[in-house]
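Hi there,

Here is the structure I promised to pass on. Have a look at it first, and then read my notes below.

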Amino acid sequence: MLELKNISYDAEDGKEILQDISLKIDDRFVAITGPNGGGKSTLAKIIAGINRPSAGRIFLDGEDITDLSVTERANRGISYAFQQPVRFKGLRVKDLLALASGRDSGLNDSCEILSEVGLCARDYMDRELNDSLSGGEMKRIEIAMILARGTSLSVFDEPEAGIDLWSFQNLIRVFEKMYQQTRGSILIISHQERILNIADKIVYVKDGHIERYGRREDILPELLANTATATTCQVLNEKVEVK
Amino acid sequence: MAIDAIQMSLLKEVAELDALPVGAYNIRANGESAARNTTANIDIVTKTDKPGIDIIIKPGTKKESVHIPVVLSEAGLKEMVYNDFFIGEDCDIVIIAGCGIHSCGGGDSEHSGIHSFHVGKNAKVRYIEKHYGEGDETADRGKRVMNPTTEVFLEEGASLEMEATQISGIDDTIRKTTAVLAAHSSLVIHEKVMTTGTQSAVSDFTADLNGEGCSCNIISRTVAKDQSRQEFISVLNGNAACAGHSECDSIIMDDAKVLASPQLSASCTEASLIHEAAIGKIAGEQLIKLMTLGLTEQEAEEQIVNGFLK
Ligand SMILES: Nc1ncnc2c1ncn2[C@@H]1O[C@H](COP(=O)(O)OP(=O)(O)OP(=O)(O)O)[C@@H](O)[C@H]1O
Ligand SMILES: [Mg+2]
């Protein structure tokens, strides 16, 4: 179980990005959604230890992990699939899968994991994670690394971004399978109704705080009814009205 | 002359040899020829006017290899060696060179190898060269210096692919490579260099692309750590309808210094020349990504550097 207590985060320039976030995640599948720039990725980075909160504490299974490094948190069972996967010159797909799983994975292991995300191991194992991989391929490999780790808390930041229409249903199946076959919790940041649809609970983050948090059945209809979120910029408002 | 244990382990480092190789070879240890073998197609002849050898490969020789490693295990030894390769038409061969220095005690050890490759029409050569140094690391130990010069002459349709690696232990190196390319010949150079401490490494490439349809591709990947210094100079002269590309990609760490100075010159409208150079530290997000997989910062750094130089 993950618990955030009164978490705030300020950017280097002093801008308040998260304000007093308290959140208890004790369900197996929780989705975080909300408008662009609301603070979802920032929250995920706070959980993974990449960003240090300016106030508040974080607990994992009762242990205070606020002062633990990224590495220590990874070893405690937190995984984080980046919104924008990182490219490496010289490191191959199989190198990263080996680092993720903590062992040299043979073709068989890798084949299973890569095929989950719709990639053929034979074609991809030896590919470098450099600029030659497409955006969607990078995104799939990013997800595969998290599957290879198989930790108790997996955070996915917009895993559907860049995944083509035809593969989307498969991606949903990946999360469903993860849900059924592992004992871990899944935290997915997403803008997609079809992903929100399979969550136990939904967190709605806007302007750096949690606006709504509750069971999917209660939250989702509200969110969908309220699609026209008010913009605060006057120029933008006028532009929207003219249309 | 027998090869001792230290020399044997140097041979393993630079030429991946556990025992005497198959095929033609000439092993030079502490300034003397320690072992030699020739084959029906490959002759090795000691030069009479200066130190070094001529390696003569008969036209049409295929699937054969030549090993010419050099090891130095005596401190204070300085040598300049000339090796000239004459590779006949239509050959397809592999040449493995490399130099290892084991120094203990004072006195600089220095090996300067001047290699020339005369590659005949339509011949194919793969040339692998590895430089390596080891020994005690006391403050007053002698320097390990290697200054390789490589001169490549490619006749029509000939190709040479060179892999040069220098990952550790060499204090000072100036690598000079020149190439002259005839029509439809091709030259590919992969260079990998890592410098640490106060080491210094200079790579200086010049290629004259003289023949129609010839191509040259120089790819250099380097890592500079601590207070080390590196310099990368590449000059591509496009004198015909040709394709030239050079690329220098460096990771810089600590207080190291890297200088890349590419130069392109064309005297033909159909010459297409490109240079890419990038110098930068390891991207923070790369370190963080690997740390989210459970690696420490140092482990992450190692993986990134090793992958980069692979
Ligand atoms: N280092 C920073 N300095 C200044 N502002 C920042 C910094 N990092 C993030 N922000 C701002 O914080 C806000 C939240 O960003 P975040 O990436 O968490 O949004 P998000 O909810 O993930 O958005 P999206 O749906 O577009 O991915 C944004 O307004 C962003 O511009
Ligand atoms: Mg985001």
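Is Ser41(A) buried or exposed? Ser41(A) counts as buried, because its relative accessibility is 18% and buried means under 20% relative accessible area (exposed is over 50%, partly exposed in between, with a 1.4 Å probe and protein chains only).

Before going on, some housekeeping. This is a predicted model, where local features need pLDDT of at least 70 and side-chain atom pairs count only at pLDDT 80 or more, while totals for chains, interfaces and linings use all residues. Residues are numbered from 1 along each chain as its sequence is written, chains are lettered from A and ligands numbered from 1 in the order in which they are written, and side-chain values use heavy atoms, leaving out hydrogens and water.

Now the metal. The magnesium ion (ligand 2) has Ser41(A) (OG) and Gln83(A) (OE1) as its protein donors, 2.0 to 2.2 Å away. Donors here are N, O and S atoms within 2.8 Å of the metal (3.2 Å for Na, K and Ca); water is not among the atoms, so sites may look incomplete. Helices (H or I, at least four residues) and strands (E, at least two) are DSSP runs, numbered from the N terminus. Gln83(A) is partly exposed, at 31% relative accessible area.

On to the inside. The largest nonpolar core has 88 residues, and Phe156(A) and Leu290(B) have the most contacts inside it. Such a core is a set of buried Ala, Val, Leu, Ile, Met, Phe, Trp, Tyr and Cys residues joined through side-chain atoms within 4.5 Å. Helix α6 (residues 135–149) of chain A gives the most to this core, eight residues. Leaving aside residues up to four places away in sequence, Phe156(A) touches several residues, including Ile143(A), Phe175(A) and Ile188(A); contact means heavy atoms within 4.5 Å. A second, separate core has 41 residues, among them Ile55(B) and Phe205(B).

Leu290(B) is also one of the buried residues of α2(B). Those buried residues pack against α2 (70–76), β6, α3 and α6 of chain A, together with α3 of chain B.

Val71(B) counts as buried, at 1% relative accessibility. Lys58(B) is 13 residues from Val71(B) in sequence, and their C-alpha atoms are 28 Å apart.

Cheers
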